[in-house]
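Student: I have just opened this structure and would like a guided tour. Could you take me through it step by step?

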Amino acid sequence: MKPLLNPARIDFVTLRLFCAVAQIGSVTRGAQACGLAVSAASRRIADFEESAGTRLLKRSARGVSLTAAGHLALQHALRLFQGFEQFSSEIRDYSQGTRGHVHLWANMSALTEFLPDCLSTFMARYPEIRVELEEQLSGDIVRAIVEGVADIGIFAENTPTGDLEVEAFQEDKLVAICSQGHPLGRRTRVRLSECLPYDFVGLNRGSSLLELTSRAAEECGAAMRVRIQVRSFDAMCQMVRANLGIAVLPAAVLRTYQTKALKVVHLNEKWARRRLFLGISKNCSSAALLMRDHLRAFSQAPASARRS
């Protein structure tokens, strides 16, 4: 079956022009930004739409805007440019002596508790390999591995993984936090059911932690009253400190924050011991395989040996 989009009719100049026009909202100013004559830019855009087989831009007296297909084209074009920039960066690094790249994505718990020591020993052993580490939500990590954006990911259990092959990596402990003046602040241990009468601060949708605690609340016969949703553990701590609710998060995360105004309350729940999993891209490099093997060895080593 012949592909609808003919790659021979699209080049990076056209894609860069399309991105500029889409983001600026004007063919004339987009052409100027790319150093092209307006007539040449208009022809390139028309050829791009003809090759795509659909309109990508809506024209009006006020300029241009994206159609639904145009929004999709812009997302893919930006991803192509990101990939090209990454390609250029990695080729430059190889020319300067680097012999491999690993794109590692991890959730905050793994990033805080396990990865500093693990990466320290890995990079001492393989100084010619460059590691790019990103903190992301577990759901985003799995998608990045599947799409080939990340080579390796570490994420929490209960994250939908589809056909991705995963293996156990480590275990972290979840705790509840509240302000010192909160009614739960006088407790040292609680069941989740005792927390449910109060407002919660949670992570945004797509968080495996929010999914886990919401499911546990449903099993208690109630629902979490999520008053505020944020994207980071730091923001969660700030909201809890302001007495806007309580939160459930990994105990290891609290090591990086000032917790004097917070009270840590242990959760007397089996699910509060949460497993972290390791996933790896199908088309990963030899450098990524070395990282995978190192992570496996680190996971299996006694805690006393992990700094050696």
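Tutor: Gladly! Let us begin with a definition: helices are DSSP runs of H or I with at least four residues, numbered from the N terminus. Please keep in mind that this is a predicted model.

Student: Which helix does Thr112 lie in?
Tutor: Helices carry numbers counted from the N terminus. The one to look for spans residues 108–113, and Thr112 lies in it: helix 5.

Student: Is Thr112 buried or exposed?
Tutor: A residue counts as buried when its relative accessible area is under 20%. For Thr112 that area is 16%, so Thr112 is buried.

Student: Let us turn to charges. How many salt bridges does the structure hold?
Tutor: Side chains of opposite charge can pair when their charged atoms come close. Here, a side-chain nitrogen of Lys or Arg has to be within 4 Å of a carboxyl oxygen of Asp or Glu. The number of salt bridges in the structure is 15.

Student: How many residues apart in sequence are the parts that Arg231 and Asp140 tie together?
Tutor: The side chains of Arg231 and Asp140 meet in a salt bridge, with N to O at 3.2 Å. Arg231 sits in the loop between strand 9 and helix 10, while Asp140 belongs to helix 7, so the pair ties together parts whose separation in sequence is 91 residues.

Student: Arg191 and Glu269 also meet in a salt bridge. Is Glu269 buried or exposed?
Tutor: In this bridge the N to O distance is 3.0 Å. It links distant parts of the chain, with Arg191 in the loop between strand 7 and helix 8 and Glu269 in the loop between strand 11 and strand 12. Arg191 is partly exposed at 39% relative accessible area. With a relative accessibility of 15%, Glu269 counts as buried.

Student: Glu211 forms a salt bridge with Arg215. What separates Glu211 and Arg215 in helix 9?
Tutor: The closest N and O atoms of Glu211 and Arg215 are 3.0 Å apart. Because Glu211 and Arg215 are four residues apart in helix 9, their separation is about one helical turn.

Student: Which residues have the most contacts inside the largest nonpolar core?
Tutor: That core has 37 residues. Strand 6, helix 8, strand 8, helix 9, helix 10, strand 10 and strand 11 each supply at least two residues of this core. Apart from it lies another core, of 25 residues, among them Ala106 and Phe298. Inside the largest core, the residues with the most contacts are Ile177, Leu192, Phe200, Phe233 and Leu249.

Student: One last stop, at the surface. What is the accessible area of the nonpolar patch of Phe12, Leu80 and Phe84 together?
Tutor: Phe12 is found in helix 1, and at 38% relative accessibility Phe12 counts as partly exposed. Together, Phe12, Leu80 and Phe84 have an accessible area of about 280 Å².

Methods
Residues are numbered from 1 along each chain as its sequence is written. This is a predicted model: local features need pLDDT of at least 70, side-chain atom pairs count only at pLDDT 80 or more; totals for chains, interfaces and linings use all residues. Side-chain values use heavy atoms; hydrogens and water are left out. Buried means under 20% relative accessible area, exposed over 50%, partly exposed in between (1.4 Å probe, protein chains only). A nonpolar core is a set of buried Ala, Val, Leu, Ile, Met, Phe, Trp, Tyr and Cys residues joined through side-chain atoms within 4.5 Å. Patches are made of residues with over 30% relative accessible area and no salt bridge: like charges are joined within 9 Å, nonpolar side chains (Val, Leu, Ile, Met, Phe, Trp, Tyr) within 5 Å. Accessible areas come from the Shrake-Rupley method with a 1.4 Å probe; for residues, only the protein chains shown count as cover.
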